[in-house]
Amino acid sequence: LAHALRAVMLRSMNLRPFLAAALLLIAAPVLAWSQPGHMTTGAIAYDTLVREHPELLPQIEAIIAAHPDKARLDAATAGLTGSARTRTQFEWLARWPDDIRVGQGTDGKWDHPDWHYELRVVSPAKAIWPWRNGNAVDAFALNYAVFSDPSAAPADRAVALGWLMHIVGDIQQPLHAGHWMSWQYKMTDRAGQLGHVRRTRGGTPIDLHAYWDNIFDLPGGPEATPRGWAVPVAMRWPRALAIPAAPAGTPAQQFSAWMDESHALARDFAYTDAFLHATPVALGAPAVSDTYRAKSMLVAQQRLAAGGYRIADTLTMALAKP
């Protein structure tokens, strides 16, 4: 049936309007990791650079100083100096592209909703919908080119720095590389935003995407999560364990490989257990099993650590002298 339907679609004279309408329906704001989660990747990236490439930090600090939205960073780092200030700047730059979304008190000047993800269907319906939704790959390439160019305007490099940190963190989240399509979710589940589960039996329903995004959040404001998680996660998942394969290929090839990892995790793990029985109606949401809940926490830790290391690696590659 899937092959037959796809053949009919491809033969249709109205394919282009259909695709345009479908893409509009599928497209929706998608966040990966909460703001505290992104801040944690920024903290891990900073700590990694301190250990491995401290010589790059003055250069990065100079680029951050030229950020056109610097007032926001200054407010977040008020009263801080030295390494504490720089580490906090890393944390807030990693979340910055979420802070400047339209509707977040900004004019959307730097907002690019489709840069946060690049989704491929992971259900059997992938034969019907083989296309990708989102432009994370192109966004990474664009911002890498700007950030790595010493002749680019410092303000542009600073904006690109924030986007690079954010996109690299985003793409580690499985539901930013894979989504579900079925008869129940004919235009996909919008990377889990339309389906609901419960973390525990009798718990509050939560959409699948939020399940993964908010898995680390600690009470006490956004700063509490990087303060509580950055060092323990990095200790539990050192570089050799979080990303055992050595980086290979161009920066763009590496980014695509990271995205493939997340896609495989979405296919082989994220969309299992209660996620396969998630419902559009929140009140009917099933609870994930104890096994799934425990494993998802470990997977998310690994992906969060990998995000921090890969942010550091991306910045190192971009600033390395020929």
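The model is predicted, with local features needing pLDDT of at least 70 and side-chain atom pairs pLDDT 80 or more, whereas totals for chains, interfaces and linings use all residues. Residues are numbered from 1 along each chain as its sequence is written, and side-chain values use heavy atoms, without hydrogens or water.

**Exercise 1.** Describe how helix α10 packs against α13.

Solution. Begin with the geometry: α10 (residues 224-236) and α13 pack at an angle of about 100°, and their axes are 9 Å apart. Angles of 65 to 115 degrees count as roughly perpendicular, so α10 is roughly perpendicular to α13. Next, take the contact (heavy atoms within 4.5 Å), to which α10 gives W229, V233, A234 and R236, while α13 gives M297, L298, Q301, A305 and Y309.

**Exercise 2.** Classify the ring pair of Y211 and Y292, and locate both residues.

Solution. First recall that rings of Phe, Tyr and Trp (its six-membered ring) pair if their centres lie within 6.5 Å, and that planes under 30 degrees apart count as stacked, over 60 as edge-to-face and the rest as tilted. A search of the whole structure finds 17 aromatic pairs. For Y211 and Y292 the ring centres are 5.9 Å apart and the planes stand at 55°, so the pair is tilted. Then place the residues: Y211 lies in helix α9 (residues 208-213) and Y292 in helix α13, so the pair ties together parts that are 81 residues apart in sequence.

Technical notes: Axes are lines fitted to C-alpha atoms, for helices over the stretch in contact, and angles run from 0 to 180 degrees between N-to-C directions. Helices (H or I, at least four residues) and strands (E, at least two) are DSSP runs, numbered from the N terminus. Angles under 35 degrees count as roughly parallel, over 145 as roughly antiparallel, 65 to 115 as roughly perpendicular and the rest as oblique.
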